[in-house]
Amino acid sequence: PPPPPPLAPAAVSAATESAPAAARAETSASRPTAARATATPSAGLDLPAGGAPPADGQTLSKMSTQRSIPVHPATRAIHFGGLGIGLAAGAAAAAVRRAVSGEQEAHPLLMNEANVERLAATLCRLRGAALKVGQMLSFNDADVLPPAVRTLMERVRNGADWMPAWQLEETLRRELGDRWREHVESFDEEPVAAASIGQVHRATLVDGRRVAIKVQYPGVSDSIVSDLWSMRQLVTYTGVVPPGLYLDRVLEVAREELLEECDYEREAANTTRFKKLLSPYTELAVPAVVPQLSSKHVLTTEWMAGLPIDKAAAEGAIEPAERDRIGERLLWLTLSELFKFRFMQTDPNWSNFLYEPRTRQLSMIDFGACREYDAPFAASYLRLVRACADGEAQREAILHHSRELGFLTGEEGRTMLDAHTRAAVLVGRPFADGEQPYDFGKQTISKRVTGDVQTMLRERLTPPRKEIYSLHRRLNGCFQLASRVGARIRAREILLEIERDHEAAEQAAELAAEEQATA
C-alpha cells in the first residue's frame, strides 16, 4: 500500500483554537507531524480568553482509602502472615458453608469472595512490591488466571490506599526540607492518584505554575526483597498462579523494575528524555520536570490537563473519527518507542495517557517504568511481528524468530509449536492485510487466544526473556486501550511505515560504520 499521509499537528495553541473549524480539521492517519514551531507541546493548554477551562478529570479512585502505610519490613511481614491466617480461616468457613448447604461452587475454597477481598485490602494497604506484582499479572496474564483472581487483579489495579496527612508531611520534610511549603502557593492534601509505590498531589507554585507532586510511600524501597519473598510464599500457598507462568522469573523482573521505579531521580531523567524525543510531535505532550521540588523519593512535574483516555471515551463525548485518531496515535507511539526510539515507557496504566477534548492534546505522564531495547532485539522482534501479521503462511518464520528471541528452545513438541503459531497469528491479526482498518472495539483476541495460552503454559520449556515482560505489558495495554476507545485503526499501514523507517535507519547506520572504518 502507499505510505500513509502525514498528520497535521493538533490544535495546541490559543491561536489555533480561534481558527475556523474547517481549517483545524484533521484526517485520521498514522503518524504525528514534526513540529515547525518552537513552543513546548504543553503551551496549548493555556486557557484562551472566553474559552472553557481545560478538562481535568484526574481523581482518586473510589476504591482508595486513607490509611498509614506499614514502613518497617518486619511490620509488613506480620501483615502478610496475618493475611495467610485470614485466608486459611476464610477457606475453612467456606468449606463449612458448602458442606451445610450442599452447594457446589466453581472457584477454589481459598479464593472465595471474602478471601479475594482480604487479598485486595492487604495488597492495597501495603502497596509497594506486593501491589506491583498484582498489577503486573493483571495486565500480562489476567485471562489465564481464575475468575476470582481476575476480580482481585482489577481491584488492585484500580486503587491503592493513601497516606494520612502526618505521614505525608513527614515524608515531604525529610525529602525536601522543612521549608518546602515556601515554594508552593497551594497544595492539595488529598491526592489525585494513589499507585503501587507513590501518590500524586496537585499544587500551584509561587510563580503560578500548576504542578503534580509525586511522593513515594515511606519504606517501599527498603522492603522490596522482603515483600517479594512474602508474596512468593503467599502465591505458592494459594496456588492461584499456574506453574507455566514461571513465578520466580516474574518476581525477579518485578524486583529489578521496582528498584528502578523507586528511584525518582531516574524517573526525572526518563521524563526529560521522553520530552525531548517527542518534542517534534506537537500533539504528544510530556510534562517538564521541576528540579527544585524533586529528590530521590519526590518528583514534581508540570500539571498536564486532561482526562484519562479510557474515561474520556466512556463518557461518550468523542466522535468516532476522533476515537480512530486517538487509537492510531497511541499505536504509532507504542511501535515508535520500541522500533524507532528503542526506549519505551512500559507502564500501560490507562491513567498515564490523558486526552484534552478542548485541544485534542494527548499527554503521557509517569515515566518510572522505562526500558531500553538494543538494536538486535528490536530488529528481530520487528521481523517476528511482520511474520505474525502475514499469517499462517509464515509459520516457519514465526517459529524461527521465536527461537531467536528465546520464546522457544527448539526442543518443543508439535502441540506446543501449533499452539504458539496459532496464538502468534491471532495476536498479529490487527496488522493483517484484509483486516484494515482493524476494529479494536470489536476485537476478542484475548478470549480467543486463551485456549492456546493454556496449552503453552503446560507445554513451554522456558520462561520469556526479561525484556518481554515489560514489552508485552505495554503492547497488551495499548490493545486494551484501543479497544476501550473503540478505535478503528489502519494498523498495517502504521507497521509498514515503522518497518520502512527502521530499515532506512539500519542502512544509514551500516553506511556510517563503513565510512568510519575506511576513514
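Visitor: Leaving aside its neighbours within four places in sequence, which residues is Asn352 in contact with?

Guide: Contact means heavy atoms within 4.5 Å. By that rule, Asn352 is in contact with Gln345, Asp347, Ser363, Met364, Ile365 and Asp366. This is a predicted model, in which local features need pLDDT of at least 70, side-chain atom pairs count only at pLDDT 80 or more, and totals for chains, interfaces and linings use all residues. Residues are numbered from 1 along each chain as its sequence is written, and side-chain values use heavy atoms, with hydrogens and water left out.

Visitor: Is Asn352 buried or exposed?

Guide: Buried means under 20% relative accessible area, exposed over 50%, and partly exposed in between (1.4 Å probe, protein chains only). Asn352 counts as buried because its relative accessibility is 6%.

Visitor: Where is the place of Leu335?

Guide: Helices are DSSP runs of H or I with at least four residues, numbered from the N terminus. Leu335 belongs to helix α12, residues 320-341. With a relative accessible area of 4%, Leu335 is buried. Not counting residues up to four places away in sequence, Leu335 touches Lys340, Phe431, Ile494, Leu495 and Ile498.

Visitor: Which residues have the most contacts inside the largest nonpolar core?

Guide: A nonpolar core is a set of buried Ala, Val, Leu, Ile, Met, Phe, Trp, Tyr and Cys residues joined through side-chain atoms within 4.5 Å. The largest one has 70 residues, and those with the most contacts inside it are Leu278, Ile309, Leu331, Phe339, Tyr381 and Phe431.

Technical notes
Helices (H or I, at least four residues) and strands (E, at least two) are DSSP runs, numbered from the N terminus.
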